[in-house]
Amino acid sequence: MKKNSNFFESFLCAFRGIIYIFKTERNFRFHIVFSLLVLLSSLALNLSYVELSVILIMIAVVLTLEIINTIIENIMDFLCKNYNFKVKIIKDMASGAVLVSAFISVIVGYLIFVPKILVIIGG
């Protein structure tokens, strides 16, 4: 496999990888849709730059881990065609990393959004 010759070519390859994951991975699409809803809510609630930055960081962490999870699953499937308990554990751990990041992002979202919503509803 030849190395990319310039920055634009590298960027294009990376973009193709993201498109591939978007087309083939249901969970990645779910995270994208949920991220867009969170960003729209952030704009509607007029979050501060710091709050919005924290939200963006959490989105980036979850999406990046979902991509890494997909990479690990594909590598393991490529290397081991038959069922292997150790491969299953590796894949489970990778998806567990996504779950942890998603769970923490929900807590962060709760801490940022709930006080803003309570002010709006007068609570």
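**Exercise 1.** Find the residues that make the nonpolar surface patch of about 660 Å².

*Solution.* Step 1: the patch is made by Phe30, Val33, Phe34, Leu37, Leu40 and Leu43. Step 2: recall the patch rule, which takes residues with over 30% relative accessible area and no salt bridge, joining like charges within 9 Å and nonpolar side chains (Val, Leu, Ile, Met, Phe, Trp, Tyr) within 5 Å. Step 3: check one member; Leu40 lies in helix α2 (residues 26-44) and counts as exposed because its relative accessibility is 57%. Exposed means over 50%, buried under 20% and partly exposed in between (1.4 Å probe, protein chains only).

The model is predicted: local features need pLDDT of at least 70 and side-chain atom pairs pLDDT 80 or more, while totals for chains, interfaces and linings use all residues. Residues are numbered from 1 along each chain as its sequence is written, and side-chain values use heavy atoms, without hydrogens and water.

**Exercise 2.** Classify the 1 aromatic pair that a search of the whole structure finds.

*Solution.* Step 1: the ring centres of Phe30 and Phe34 are 6.1 Å apart and their planes stand at 20°, so the pair is stacked. Step 2: compare with the cut-offs for rings of Phe, Tyr and Trp (its six-membered ring): centres within 6.5 Å, with planes under 30 degrees apart stacked, over 60 edge-to-face and the rest tilted. Step 3: Phe30 and Phe34 are separated by about one helical turn because they are 4 residues apart in helix α2. Step 4: Phe30 counts as exposed, at 51% relative accessibility, and Phe34 as partly exposed, at 45%.

Note on methods:
Accessible areas come from the Shrake-Rupley method with a 1.4 Å probe; for residues, only the protein chains shown count as cover. A salt bridge is a side-chain nitrogen of Lys or Arg within 4 Å of a carboxyl oxygen of Asp or Glu. Helices (H or I, at least four residues) and strands (E, at least two) are DSSP runs, numbered from the N terminus.
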